[in-house]
Amino acid sequence: MTQGRIELGAITPHNIKQLKRLNSVVFPVSYNDKFYKDVLDVGELAKLCYFNDIVVGAVCCRVDTTEDGTRRLYIMTLGCLAPYRGLGIGTVMLKHVLDYCNKDGNISNIYLHVQVNNESAIEFYKKFDFEIIETKEHYYKRIEPADAHVLQKTLQTKGV
C-alpha cells in the first residue's frame with residue numbers, strides 16, 4: 001500500500017455539502033440542518049479529512065457543560081469512507097480531538113454514542129482508552145439495532 005498524505009481541513013460554507021454527502025454514506029442516520037449549522041460554528045472541533053486531497057472522512061464535536069460546570073467533549077460524528085479504513089485516518093482525526101482537549105486543559109472527558117453492533121468502532125475507541133460506561137436502549141429512532149453504547153475517555157484536567 002502506498003503511503004498516502006492525510007490532512008485535516010476546515011469545514012466552511014463552501015465545502016459543507018461535502019460533509020453532508022460523506023455523512024450520508026458513512027452513517028446510518030441522517031443529520032438535520034441544525035447539525036450542519038452548528039458544525040460551522042465550532043471551529044477546530046469540526047474537520048474534513050483528506051487522503052491525497054480527496055475528502056474521505058470527517059470529525060464533528062462539541063463541548064457540553066454540565067450543571068456543575070464540568071466541560072465534556074462530545075464526538076457527534078467521526079467517520080471515514082469504507083475503502084479508506086485501516087489507513088490511520090480515524091487515528092489522525094481522533095488525535096486532533098485529543099490534542100484539542102489537551103491544549104484546552106479543562107475538559108474532563110470525551111464521550112460518544114456507538115451503535116451496539118458496530119464492533120470495529122468500539123475496538124477503535126478502546127485502543128485509545130475509551131470504555132463503555134452505559135448502554136442506552138432505543139437511542140436510535142429509525143435503525144436497527146436501536147441501542148447505543150456510550151463510550152467515554154476520562155482526561156486529566158489541569159484544574160482551575
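Modeller: This is a predicted model. Helix α1 passes helix α2 in a right-handed crossing. The two axes, for α1 at residues 16-26 and α2 at residues 33-41, come within 11 Å and cross at roughly 130 degrees. An angle over 145 would count as roughly antiparallel and 65 to 115 as roughly perpendicular, and α1 and α2 are therefore oblique to each other. On the α1 side the contact is made by I16, L19, K20 and N23, which meet D33, F35, Y36, V39 and L40 of α2. By class, the residues of this contact are six nonpolar, one polar and two charged.

Helix α2 also takes part in the lining of the largest pocket, where it supplies at least two residues, as do β4 (71-80), α3 (89-104), β5 (109-115) and α4 (119-126). The volume of the largest pocket is about 1300 Å³. Its lining has 44 residues, and F27, Y31, M76, T77 and L78 are the closest to its centre. Strand β4 gives the largest share of that lining, seven residues. In the lining of the largest pocket, 24 residues are nonpolar, 12 polar and eight charged.

The second largest pocket holds about 160 Å³ of space. Here the largest share of the lining, four residues, comes from α3. The residues that line the second largest pocket are L98, D99, C101, N102, G105, I107, T154, L155, Q156 and K158. They comprise four nonpolar, four polar and two charged residues.

Key
Residues numbered from 1 in each chain as written. Predicted model: local features only at pLDDT ≥ 70, side-chain atom pairs only at ≥ 80, totals over all residues. Heavy atoms only, no water. Axes fitted to C-alpha atoms, helices over the stretch in contact; angles between N-to-C directions. Parallel < 35°, antiparallel > 145°, perpendicular 65-115°, else oblique. Left-handed = near helix turned anticlockwise from the far one by under 90°. Contact = heavy atoms within 4.5 Å. Nonpolar A, V, L, I, M, F, W, Y, C, P; charged D, E, K, R; others polar. 1 Å grid on protein atoms, 1.4 Å probe; cavity = no way out; pocket = protein on both sides within 12 Å on 5 of 7 lines; lining within 4 Å. Points joined across faces, edges and corners; volume = space filled by probe spheres on them.
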